[in-house]
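Visitor: I have a structure open and have not looked at it before. Could you walk me through it?
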Amino acid sequence: MTRVRRLVLDLLKPHDPDLVTFASAASARDGVDGVNVVLIEIDREVQNVKMTLEGDSIPVEAVREAVEDLGGTVHSVDEVICGERVVEESRTPQG
């Protein structure tokens, strides 16, 4: 089984429940050590947020279910780090 160490999600969520509730629901999953949720944009009906999770073995589907149970949607998966250790992105001439 692949050990997901970091997961970065772009989410669309309703205005209610708040960011604290989303972060708490995700952090309550086994294998998640910490969660950071940042508000990116607000419109009339939804908020766009970035959720970063770190842990020893993040249960990706359980996190997705937690988001959906609160009325949110995973818009995209923006970063995944797997394996025995965290490998940071390397800078290249292309960016």
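This is a predicted model: local features need pLDDT of at least 70, side-chain atom pairs count only at pLDDT 80 or more; totals for chains, interfaces and linings use all residues.

Visitor: Which strands pair over eight bridges?

Guide: Strand β2, residues 34–42, and strand β3, residues 46–54, in the antiparallel sense. Two strands pair if DSSP finds at least two bridges between them. A hairpin of three residues links β2 to β3.

Visitor: What does β1 pair with?

Guide: Strand β1, residues 4–14, pairs with β3 over nine bridges, also antiparallel. Within that pairing, Leu7 has Leu53 as its bridge partner.

Visitor: And what is the order of the strands in the sheet?

Guide: The open sheet has four strands in the order β2-β3-β1-β4, with antiparallel pairing. Because β2 and β4 each have a single partner strand, one side of each is left without a neighbour in the sheet. From one strand to the next, the twist averages 15 degrees.

Visitor: Which strands does helix α1 touch?

Guide: Helix α1, residues 19–27, packs on the sheet and touches β1, β2 and β3. Its direction makes about 145 degrees with that of β2. Axes are lines fitted to C-alpha atoms, for helices over the stretch in contact, and angles run from 0 to 180 degrees between N-to-C directions.

Visitor: How many helices and strands are there?

Guide: Two helices and four strands, running β-α-β-β-α-β from the N terminus. Both kinds are DSSP runs numbered from the N terminus: helices are H or I with at least four residues, strands are E with at least two.

Visitor: New topic: where is Leu70?

Guide: Leu70 sits in the loop between α2 (60–69) and β4 (73–82). Its relative accessible area is 22%, so Leu70 is partly exposed; buried means under 20%, exposed over 50%, and partly exposed in between, with a 1.4 Å probe and protein chains only.

Visitor: What does Leu70 touch?

Guide: Leaving out residues up to four places away in sequence, Leu70 touches Pro14, Pro17, Thr21, Phe22 and Ala25. Contact means heavy atoms within 4.5 Å. Leu70 and Pro17 are 53 residues apart in sequence, with 7.1 Å from C-alpha to C-alpha.

How values were computed:
Residues are numbered from 1 along each chain as its sequence is written. Side-chain values use heavy atoms; hydrogens and water are left out.
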